Amino acid sequence: MLTAEDKKMIQQIWEKVQGHQEDFGAEALLRMFTAYPQTKTYFPHFDLSPGSDQVRGHGKKVVNALGTAVKSIDNLSQALSELSNLHAYNLRVDPPCFALQLLSQSFQVVLATHLGKDYTPEVHAAFDKFLSAVAAVLAEKYR
Amino acid sequence: MVHWTAEEKQLISSIWSKVNVEECGAEALARLLIVYPWTQRFFASFGNLSSPTAISGNPMVRAHGKKVLTSFGEAIKNLDNIKTTYTKLSELHCDKLHVDPENFRLLGDILIIVLAAHFTRDFTPACHFAWQKLVNVVAHALARKYH
C-alpha cells in the first residue's frame, strides 16, 4: 500500500524523469532485453538492435504511461484501464506480472544508474511498490 | 554445470574487485528488509527494525550483510562449481533457518540495484546480464538441497 510519504517520493523522482522519457524508456527496454532475453519473445516484429527507433519509440510510450500512472496514483485502476485491457486481451504478457516484473526491475536499474545515491532505500521501496501496483492493474483482467 | 563465457567472468570480476563487501553487503541486506518488509521475519533477534533509518543503522544488519556478501564472494571464486560451494549453506537455509528460497531471488534483485546505484553508468546492460545470471545461479544452488 502506498503511503503519503511514498507518493511524495515518487512524484519527486518523477520530476527527474521529465525530459528524459525517451532515453530512460529506451534504456529500460534495452536493459530488459539484454538481462532477460526471454522478454524479446514479445517483440519479434521489432528491430531490437541498440539505438533502434522502434525501441526508442516504444520506450517513450512505456515511460509516458508510467507518467500517467504517477499523475493518477490514487486511481491506477481507472487511469490504466485501457492499457489493462490491452495487456490482458491483446498482448497477454505471460505469466501475468512476471514479465512485467522484469520490466519493473529493469526500469529501477535505470533509475539507480542515473540517480546513484539519490536512489535511497526509501525511494527504492516506494518505487518498487508503485511498479508492483501498476503491474497488478495491468494484469487485473487476465482472468 | 553452468557455462560462463570469458566476457561474463570478466564483467563479474571487474565489478567485484571494486566492491566494498562490508558496505555493499550491509546496504543490500538493509534494502531487502526495507523494500520487502516481510523478510524481517527471519531477523526477529536483530533488535530495532522499526524504520528504514533504524534498519540501515542497525549494527547486526550491517554485520550480517557483510557475512552474506562475503559468502557471495565464494561463488565468484568458484564460478565453475557454485553448486558444491553452497551445499552446506543450502542445507542450513532449509533445515535450520527455514527460509523460503523465493527470498534468495529477492536478495539477488536487491543486490543488482545496489550495484547499479553504486556503479551507475559502469553497470552496463552486459554487466547486468552477467550479474543477473550469477544471482540466479547462486539462488538456485542455495535452493538445491531443500527437501
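Chain A contains 7 helices and 0 strands. The model described here is predicted. Along the sequence, the elements of chain A follow the pattern α-α-α-α-α-α-α. The radius of gyration of chain A is 14 Å, close to the 15 Å that the globule rule gives for 143 residues, so chain A is as compact as a globular protein of that length.

**Dimensions and contacts of chain A**

- Taken along the principal axes, the box filled by the C-alpha atoms of chain A is roughly 40 × 35 × 20 Å.
- Of the contacts in chain A with a separation of 6 or more, 77% join residues 24 or more positions apart.

- Buried residues make up 47% of the 143 residues of chain A.
- Chain A exposes about 7,100 Å², and 55% of this area is supplied by carbon and sulfur atoms.
- There are 14 positive and 15 negative side chains in chain A, and the centres of these two sets lie 2 Å apart.

**Nonpolar cores**

- The largest nonpolar core has 84 residues, of which Phe107(A), Phe127(A), Phe130(A), Phe123(B), Trp131(B) and Leu134(B) touch the most other members.
- Helix α7 of chain B, residues 102-119, gives the largest share of this core, with 11 residues.
- Apart from this core lies another of 9 residues, including Leu29(A), Phe33(A), Ala35(A) and Tyr36(A).

**Surroundings of Phe123(B)**

- Leaving aside residues up to four places away in sequence, Phe123(B) touches Arg31(A), Val109(A) and Thr113(A) in chain A.

How values were computed: Residues are numbered from 1 along each chain as its sequence is written. Chains are lettered from A and ligands numbered from 1 in the order in which they are written. This is a predicted model: local features need pLDDT of at least 70, side-chain atom pairs count only at pLDDT 80 or more; totals for chains, interfaces and linings use all residues. Side-chain values use heavy atoms; hydrogens and water are left out. A nonpolar core is a set of buried Ala, Val, Leu, Ile, Met, Phe, Trp, Tyr and Cys residues joined through side-chain atoms within 4.5 Å. Buried means under 20% relative accessible area, exposed over 50%, partly exposed in between (1.4 Å probe, protein chains only). Helices (H or I, at least four residues) and strands (E, at least two) are DSSP runs, numbered from the N terminus. Contact means heavy atoms within 4.5 Å. The radius of gyration is taken over C-alpha atoms; the globule rule is 2.2 Å times the number of residues to the power 0.38. Accessible areas come from the Shrake-Rupley method with a 1.4 Å probe; for residues, only the protein chains shown count as cover. Lys and Arg count as positive and Asp and Glu as negative; His and the chain ends are not counted. The place of a charge is taken as NZ of Lys, CZ of Arg, CG of Asp or CD of Glu.
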